[in-house]
Every structure is written in C-alpha cells, then in structure tokens.
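Work through the exercises below with the model open. Each task is followed by a stepwise solution.

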Amino acid sequence: MMRSSKQYLFFLLLLVATESCKKPGNVYVPPVYIPPTETTFINPLLSSGPDPWVIKKDSFYYYTHTSGDKIRVWRTKSMSQLKNASDQTIWSKPSTGANSQNVWAPELHFLDGKWYTYYTAGATTDQATQRTFVLENSSTDPWVGTWTDKGKVADPAADFFAIDATILESGSNRYMIWSGHASATDNIQRIYIARMSSPWTLATARVLISSPTYDWEKIGSPPVVNEGPEILKGPTGKVFLVFSASGCWTDDYALGMMTLKDGGDPMVATDWSKTATPVFTKAPLNGAFGPGHNAFFKSPDGTEDWILYHANPAAGMQCGDARSPRIQKFTWNGDGTPNFGRPEPINTKLKRPSGEKD
C-alpha cells in the first residue's frame with residue numbers, strides 16, 4: 001500500500017508539472033477527418049430515365065425524365081452524382097381529359113422570371129391524341145410554389161400529333177420547336193417551329209424545317225421519325241438543332257444535327273442545313289444501343305460542355321424503361337461545330353465535370 005501511494009503521488013506531481021508548462025488556450029484538438037472527394041463517376045446515372053432533360057439555374061441543376069403518369073424533378077449541384085439527389089413530383093396527370101395519358105418528355109425552362117414545364121400527353125392510350133401542354137410556376141425555385149396548368153400549346157390550323165417541345169430564344173424572339181405530323185392521317189414525324197407571343201401561346205402558324213430524308217433517319221419504318229429537337233449554341237453564338245432520328249424501338253436510334261446559318265431566320269426552312277450523316281450513334285461494345293433524346297449542360301465552373309442522353313444497355317430493348325440517362329463531355333471542332341464522339345462505356349470510371357465538389 002505504501003509503495004502504491006508513492007507511485008500515485010509521483011504521477012500526480014508529474015501531471016501537474018506538465019499542465020503548468022502549457023500556455024493558456026493551447027488545447028490539443030484532434031484533426032477532423034475529411035474524406036477525399038471522388039473524382040470519377042460511372043454511367044448510367046440512374047437505372048432508368050427515358051427522354052432526360054436538365055437545366056441549370058444559379059448553383060442547381062434541375063433534371064427530369066419521362067415518368068409516364070407524373071412529372072418528377074431532381075435537384076443537384078453535381079450531375080454526375082444524380083443517384084444521390086432528392087426529387088419531387090411537381091405534377092400528376094388527371095384521371096380524365098386531354099392530358100390524362102402517356103405523359104412524356106418534360107422540359108423545364110425559366111422564361112420571363114417564371115418556370116415553365118413543357119410536356120407531352122394524350123387523351124387516350126392511342127398515341128394519335130398526343131399533344132403539347134405547359135405548366136407555369138411564378139416561384140424562382142421549381143420545387144416550391146404552385147404549378148398552374150396553362151393548357152395546350154398548338155397551332156389552331158394544324159392541331160395534330162405534337163410531342164417533344166423545346167424552346168429557342170434568338171434575338172428578341174422566342175420559338176417553340178417540336179415533332180409532329182403533317183395531318184390527322186399522317187404518321188411521319190417531322191420537326192416544326194413557330195414563333196411565340198407568350199410562353200403558352202404561338203404567334204404564328206407552324207413551319208416545317210425537317211423531314212426524315214436520309215436512310216439513317218428511316219430505320220424502323222413505318223413510321224419514319226425526326227423527334228426530340230434540342231437547341232445547342234456554340235462558343236461563337238452559332239445555333240445548332242440536335243434531334244433524334246429513326247424509331248426509338250430500334251437499336252439505331254441516333255442523333256442528327258441541323259445548323260442555322262449565321263444571321264438566319266429560324267422560321268425559314270432554307271436557312272437550316274442538315275448533316276448528311278448522324279452525329280452520335282450506337283456503340284454496342286460500350287453498352288449504348290439507341291442513344292438519343294438528349295440535352296446539354298455546362299460543368300459547374302462553366303469551362304466544359306456536356307451532353308445528357310438516354311440509351312439501352314443491350315440490344316433489342318426498344319422504347320421501354322431500360323433506357324437510362326448518361327452524360328459525357330464533348331468538344332468543339334475547328335469549324336465551330338460540336339464533336340460528340342461516341343457513347344462512353346457504361347460501368348467505367350469517367351472524370352467528373354469540372355468544378356463539382358460534392
């Protein structure tokens with residue numbers, strides 16, 4: 001007992017001496033472990049996501065795709081990490097009515113200080129009833145506020161099958177571009193354009209700017225298809241219209257491209273020129289069959305251009321939910337045209353968009 005007491009006293013004095021030598025406030029704080037940010041990602045971003053769309057506002061990317069009976073919107077600061085993002089349903093189809101079936105290809109656009117969602121829907125399961133509709137939300141955040149149904153957007157003189165609407169802003173004018181039929185009995189999908197007087201109203205009659213003419217636009221016929229028009233503006237301001245061609249039920253669904261001549265009028269068909277060959281096609285060895293229905297976005301720091309598209313992971317999967325969203329960086333050729341390359345391999349690490357931090 002005596003020896004133990006002496007040892008205890010010795011260690012107590014040593015502790016007091018040690019503490020008295022420390023400067024006030026010099027308290028040891030262990031470092032906080034911060035795991036390194038993953039610098040790569042793999043495609044596909046989600047296991048399912050037909051007709052994907054993305055738009056960036058402020059620091060967020062808002063993503064959506066065809067869900068069939070509703071419109072869901074994901075929000076993220078890093079597109080490569082979409083699988084970790086939360087989503088909200090901003091609209092669900094009514095039980096009956098002109099927009100109660102087959103809700104397809106929604107796109108969000110921020111116009112005149114408000115959000116608008118353009119989407120395709122029909123009155124019945126018969127796809128001939130498919131038309132374009134629009135929702136409006138005055139909130140600056142599409143996740144909050146109230147979405148108001150602004151109804152159908154159509155040319156009254158040509159109110160036929162109309163899907164995949166997108167928006168072009170050029171000069172002081174705004175245009176809607178979509179895929180449609182020439183008449184009630186036609187089944188060829190062509191691309192039309194009309195100038196708008198408001199985000200829910202066309203100011204002019206529609207103008208035809210593209211029909212399937214090349215063999216690569218006619219695979220899977222009948223019918224033959226031009227659809228999914230999307231606008232891409234180059235570094236010099238040149239306007240490109242990238243569209244999907246051939247049947248989505250084929251493995252050869254691909255992207256074609258049209259270019260608006262410098263200073264051209266979007267409403268004049270001859271001011272557009274179409275590439276004689278597709279600009280983005282299937283890559284079977286990379287798990288990309290029927291790549292198409294794309295969108296475009298910039299990396300968070302604005303230094304890189306990226307394409308978002310869907311594709312099937314195997315042959316013969318047609319137009320189902322197996323179509324999954326993928327992203328990849330693209331570059332620009334010396335003549336100012338985009339170079340999309342080939343679809344990157346799935347389940348392979350790719351470098352994340354520049355500026356992603358989470």
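Strands are DSSP runs of E with at least two residues, numbered from the N terminus. The model is predicted, so local features need pLDDT of at least 70 and side-chain atom pairs count only at pLDDT 80 or more, while totals for chains, interfaces and linings use all residues. Residues are numbered from 1 along each chain as its sequence is written, and side-chain values use heavy atoms, with hydrogens and water left out.

**Exercise 1.** Locate Gln 328 and state whether this residue is buried or exposed.

Solution.
- Step 1: Gln 328 belongs to strand β21, residues 324–332.
- Step 2: Gln 328 counts as buried because its relative accessibility is 2%. Buried means under 20% relative accessible area, exposed over 50%, and partly exposed in between (1.4 Å probe, protein chains only).

**Exercise 2.** Find the polar partners of the Gln 328 side chain.

Solution.
- Step 1: Apply the cut-off: a pair of N or O atoms within 3.5 Å; within protein, one must be able to donate a hydrogen and the other to accept it, and residues adjacent in sequence count only if both atoms are side-chain atoms.
- Step 2: The side chain of Tyr 309 makes a polar contact of 3.0 Å with that of Gln 328.
- Step 3: A polar atom of the Gln 328 side chain is 2.9 Å from the backbone nitrogen of Glu 344.

**Exercise 3.** Describe the sheet that contains β3 and β4.

Solution.
- Step 1: The sheet is open, with four strands in the order β2-β3-β4-β5 and antiparallel pairing; strands pair if DSSP finds at least two bridges between them.
- Step 2: β2 (53–57) and β5 (86–92) are the edge strands.
- Step 3: β3 (residues 60–64) and β4 (residues 70–76) pair over three bridges.
- Step 4: Tyr 63 is opposite Trp 74 in β4.
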